[in-house]
Each structure stands twice: as structure tokens, then as C-alpha cells.
Amino acid sequence: MTFPTPDWLSQGADNVWRPYCQMKTAPAPLAVARTQGARIILEDGRELVDGIASWWTACHGYNHPHIRAAVTAQLERAPHVMFGGLAHEPAYRLARRLADLLPGDLNHVFFAESGSVSVEIAMKMALQYWINRGVAGRTRFLSFKGGYHGDTLATMTICDPEEGMHSLFAGVMPAQVVTDLPLDPASEAALDALLAEQSGEIAAIIVEPRIQGAGGMLFHSDDVLRTLRRLADKHDLLLIFDEIFVGFGRTGDLFACSGSGVTPDIITLSKALTGGTLPLSAAIARSKVFEAFWSDDAGAALMHGPTYMANPLACAAANASLDIFETGQWKADVARINAALSEGLEPCRAAPGVVDVRTYGAIGVVEFDHPVETGPLCMAFAEQGCWIRPMGKVVYLTPPYVTTDDELAQLTGAIRTVLLGL
């Protein structure tokens, strides 16, 4: 069945460069009119249950009244003001609240706009940490196969060079150390030996705790994180947790670091930070990192400042999102979603090419033995009334926490229908 194309879409189609697709062959995008709860309402009147929360951001659903009211009130006061030399209440209150929620002494919050930029800032912090301490040569990072940390130039270098999206840029930036996660005694011993040999040139280890998201929704245990903390300490390295995907409840704990009992030296947050309302991210450092920049020497300062860092509207949205988390309802919702995804996706093991079905918190994954075709599958799921966007070898669900039981059944049913023809 075909649907009419709105004028604004056809008139602007030649001017918009879309993400993650070969525009010559990809299906036309679906035209969105509005959003509400866990649903995307299209211009043609169709409603799609959003199975991926707009790339994992809309954790409380769309148009949450509490967040909308906070943003509206802030818009009337000040939509934006530069953060260089000025301060405003939403950012300072948000920084204090994040520090209180995070474990240990992760107390020093540097705001930015996007997740990739927060990772770049964390990398810059780690490099300058050693420079300010008078330690030369620590200019590289150690990351892991299956990992993804962003699409900007520096973050591309710490993504998986084989499985990621950035192989075209090999050699453009300095090579980093990308190795296997320490999942067993043998790989732990190999990592220990690698660090013993190369730690003098490494500034930090960076990892996505519990789940490597865009690299394939790959799960690993908290034991891996404890191993990394031990090895980072043994070899005198900083440890960075990239919680842009898993932060704010997605794995069942508000933060993976809190649930694992492991405190990184720097943590990056974004995505669900504002409940999917406005762009905002943060790189948050422990006191020992911050203290390396605390000096009478102006040259020791962190010379970084995104134009829209700590945007008041975004900070107001983030504070409102934390208000919602404070009710605690999200925990029961994540458990409820996990049960629904576990039951609803299990039959997909019988689909041709499927090698695994797994869940973790409010995440459900069907993995294939080959890359899937994103565009055609998106359209097939849309015909079932769902917005589900596969990537790589996986069809996955990361729905908003407010998704109802009926909507969850529709999401898992759509996947079964498309994959199994049921």
C-alpha cells in the first residue's frame, strides 16, 4: 500500500543528507507529524510503536508532561546563554544531582551536546591528565573489538576497525590499540601482557560497560569491568566508561558502573540524559583527574568549550528526567519489558539465519549470522505498525520504559511476523 508524500518532504528531499544510508537506493523516510508516549504518528495518520526509543533516547516516552513543562518554563526565562564566564541554575543543579547519583567521587561534570563529543572530551581529559602531570608519551587509547564510541574523527579510532562503520578512514588518524575484551582467563592474561608491554604509551582504557551497543548489542558480565579496573590500576592507567547507551536504567541499574560496583575515572553520558527531548551530554571525572587541571598555571586548564554546552533548555529537561527517575517506577518497567521481550522474541530462534536471541534489562536482540538489510526490514516492520531499525547483524528492541504490555506484544509480534512469517 502506498501513502501520499507531504509537500515538505518532496520539496526538501534533494537538500537533506540523511544519516547511515546510501540515499540513491534507500527507501524514502517516513514523514512524522508528531509523537506521544511510545508512539510515532506519521503524516498519513498511521501510528507506529517505537521499538528503539529514537536511538535509545526517549526513555520516558515522547512528550512527557513533566519534561515538557520544565522546558516550557525554562524557555520563558532563558533558552540559552553561553557557559563561558556565566552560570545558570539548571546546569549547576544538574551537575550536583549527577554527582550525587554516580558512585565514588565522580564529581566533576563537563557538559557538551552530543555523545560523540563527550567521548572526545573524555579522551582529551585523559591525554592532558598525563601531560599536566609531566608524563610524556601517553598518547594512545586501548579499546575493544565490538566497541562503538562515535562517528567523529577521534572516536572513530577507538571503534572496532573491522566490524564498525569506519573502515574507509583507516590510516587517516593515529591507530589506537583495539583488542579483545577479557572474557576468560586466557584473554585476561593476554590483555595483562599487552598492557605490561605498552602501558607507557597508553593514556586510558575505554569500554562500553555491560553492552557494546552499536557494535552489535554484545553482552558481557560485570566481571569484565572488575578485571578492567584491576588491570587499569595495576598498570597505572585511567579507565573510561562510555555509558551513552546503557546509562539511565537501560540495563536495570541507573548506571552500569553503580550496579557493577566499579567506579571509572571518567564516565560519558548522553542519549537518555534529557529523556530524548534535547541534545545534551557530559564527561564526568573523578577528583584525581580534575585535580591534575587545578593549577595556578593557565596553560593547565582544559581548553574546551562547545558553543551550546550546558544549554539551559537541555539542562532543564535533564533535571525533569531525573525527577521521573526518582519515582523509581522505571525499575519495575524495565523488569516488565525484559520479561515481555524474553518471551516474545524467543520463537525467533527458529528463523533462518538466526544464531542467538538474548535480553538484558530493557533490551531484546535477535542476532543473525549475516548482516541484515536495514531499509527493507524497516519498511516491513512499519507495515506491522512498528518502528524498528535493525543494524549490522541484529534486529533489536530498546523501547521506552512507558511502553504498555499491548505495545510490547505488538513489537515482538511484528518481529516474529517479519522473520518467521507467522
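1. Axes are lines fitted to C-alpha atoms, for helices over the stretch in contact, and angles run from 0 to 180 degrees between N-to-C directions. The model discussed in this note is predicted.

2. In helix 7 (residues 185-198) and helix 8 (residues 222-234), the axes come within 10 Å and cross at roughly 25°. Helix 7 is therefore roughly parallel to helix 8, because angles under 35 degrees count as roughly parallel.

3. Sorted by class, the contact of helix 7 with helix 8 has four nonpolar, one polar and four charged residues.

4. A second pair consists of helix 3 (residues 65-77) and helix 11 (residues 312-326), which pack at an angle of about 150° with their axes 8 Å apart. Helix 3 is therefore roughly antiparallel to helix 11, because angles over 145 degrees count as such. Helix 3 passes helix 11 in a right-handed crossing.

5. Helix 3 contributes His66, Ile67, Ala70, Val71, Gln74 and Leu75 to the contact. Among the residues contributed by helix 11 are Pro312, Leu313, Ala316 and Ile324. By class, the contact of helix 3 with helix 11 has ten nonpolar, three polar and one charged residues.

6. Phe3 lies in the segment before helix 1 (7-12) and is partly exposed, with a relative accessible area of 30%. Not counting residues up to four places away in sequence, Phe3 touches Asp44 and Arg46. Phe3 and Asp44 are 41 residues apart along the chain, and their C-alpha atoms are separated by 6.6 Å.

How values were computed. Residues are numbered from 1 along each chain as its sequence is written. This is a predicted model: local features need pLDDT of at least 70, side-chain atom pairs count only at pLDDT 80 or more; totals for chains, interfaces and linings use all residues. Side-chain values use heavy atoms; hydrogens and water are left out. Helices (H or I, at least four residues) and strands (E, at least two) are DSSP runs, numbered from the N terminus. Buried means under 20% relative accessible area, exposed over 50%, partly exposed in between (1.4 Å probe, protein chains only). Contact means heavy atoms within 4.5 Å. Angles under 35 degrees count as roughly parallel, over 145 as roughly antiparallel, 65 to 115 as roughly perpendicular and the rest as oblique. Ala, Val, Leu, Ile, Met, Phe, Trp, Tyr, Cys and Pro count as nonpolar, Asp, Glu, Lys and Arg as charged, and the others, Gly among them, as polar. A crossing is left-handed if the near helix is turned anticlockwise from the far one by less than a right angle, and right-handed if clockwise.
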